[in-house]
Amino acid sequence: MINVEMFYGRQTTAISCRENEEELNELPSLEKRPAVKIDKKFLFCQRCGKKTSLKEVLLPNGDFYCPHCIMLGRMSTSTILYSIKEPNAFQKYGSDVLSWHGKLSNQQKTASDSLLKAASLPGDHLLWAVTGAGKTEMTFATLQDALIKGKRICFAAPRIDVINELFPRLKAAFATVDIICLHSRSNAKYRYTQFVLCTTHQLMRFYRAFDLIIIDEVDSFPFLGNESLEYAAKNALKAGGTRLFLTATPDEKLQRRIKKKEIDVIYLPIRFHQNPLPVPKVVCCFRLREKLFSERIPGAVKKSLTEFENEGYPFLVFVPTIDLLEKVHEILHEILSESCSGTTVHAGDPERIEKVQAMRDGKYRYLVTTTILERGVTFPKLNVLVLCADASEFNLPALVQIAGRAGRSSERPDGHVRFFCDNYTKRIKGSIEQIKRMNRKARRYCK
């Protein structure tokens, strides 16, 4: 027997759901759409929204296919997308659905109330809050309200690391709610739930499913500037639904929308523990990258690493490219004691999830990493060191986010942030000016 719930608010093919097409066609209220549309010269994919020249996507059997979302299964002119209108067929929840008993600061409570109000209005809304402000906790009242009202919710983020950090926090906050966690490395099989936590890529599998979509770290790769993911985030929302964007560093496109008043903004310039953001210390080192590749380390870098080891706190060492990871790790292995253990991690690392968890569990004192850990992950009492901070891979928002990894816990709200570079670039200067500007706003905000 076909499980009709698998089609609620989804867009799926007969192959992907392993069902017989004749039996599918007998389902009541089944909606069918061609996976791709064709005009004279172009193909338009209804799953990812990409437009492609027909000359580039002709198959031997005469069909045309979309090359852009093929990792989710091929969409061609012979493919049908099946879905059933989202019925919101969920159990009833009361006010006790929220099992989190923490307390918001006055500033967080104000932002939380504004989010709750925004979620009752259609369209897009933005929470612009500094790193470590407690954005996730500020969404709890909105999520509670949506669950009680029977709305279907999606909490999405571009990166797996962020989703893996959010999952246990949301499960603890809503202990009686079935939350499914979906991403490319998750073992969870899809099931129909009121609350979906997923990467933004997974939104391509949904069609007019959600009354409320919250997208965390909306300015980060791979969501930023990705037309397919932006299309999916619109396509997964019901008509009249609400999207809430969360970020500490809105990109130029978002800031233009703010200036044009196309999106409502809730602003919070202070962290939950009321302390200022750590301001990075910049140290210029001549021919730094060249020295690192030859496994030589400047004295200033060695001094900072030794200081970090002696303090006893965990730390992250950021490098711009994968080819520097092992070089730097070898350097650290030479100058730090055996008790100060660490490893490398990057986006393509098959053990990435396990390594990040091991760092959280205190099995590692440090990680040497790329920008994959620039945002969305929290390690308490952290110090941060950036090597080759002037590299093009570290743009201004990335440097702000990296600096924001430090000082996120009330037990140690300061932390050290060190930027080592060959040249004091505009990006480095701009990131420090932005952090100082946010700290000034925070002081005024608290008066």
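1. Let's start at the surface: Glu227 is exposed, with a relative accessible area of 56%. Keep in mind as you look around that this is a predicted model. The side chain of Glu227 forms a salt bridge with that of Lys50, at 3.7 Å from N to O. Lys50 sits in the loop between β3 (42-45) and β4 (51-53), while Glu227 belongs to helix α6 (residues 227-235), so this pair ties together parts that are 177 residues apart in sequence. Lys50 itself is partly exposed, at 22% relative accessible area.

2. Glu230 is in helix α6 and Lys253 in helix α7 (residues 252-259), so distant parts of the chain, 23 residues apart, are linked. Lys253 is partly exposed at 42% relative accessibility, and Glu230 also counts as partly exposed, at 22%.

3. Now try a pair within one helix. Arg169 and Glu165 join their side chains in a salt bridge of 4.0 Å, N to O. What separates these two residues in helix α5? They are 4 residues apart in that helix (residues 160-173), which is about one helical turn. Is Glu165 buried or exposed? Glu165 is buried, with a relative accessible area of 8%, whereas Arg169 is partly exposed at 29%.

4. Finally, step back to the whole structure, where a search finds 21 salt bridges. Some share partners: Asp124, Arg243, Arg257 and Glu262 are joined into one network in this way. Have a look for these four residues in the model.

Conventions:
Residues are numbered from 1 along each chain as its sequence is written. This is a predicted model: local features need pLDDT of at least 70, side-chain atom pairs count only at pLDDT 80 or more; totals for chains, interfaces and linings use all residues. Side-chain values use heavy atoms; hydrogens and water are left out. Buried means under 20% relative accessible area, exposed over 50%, partly exposed in between (1.4 Å probe, protein chains only).
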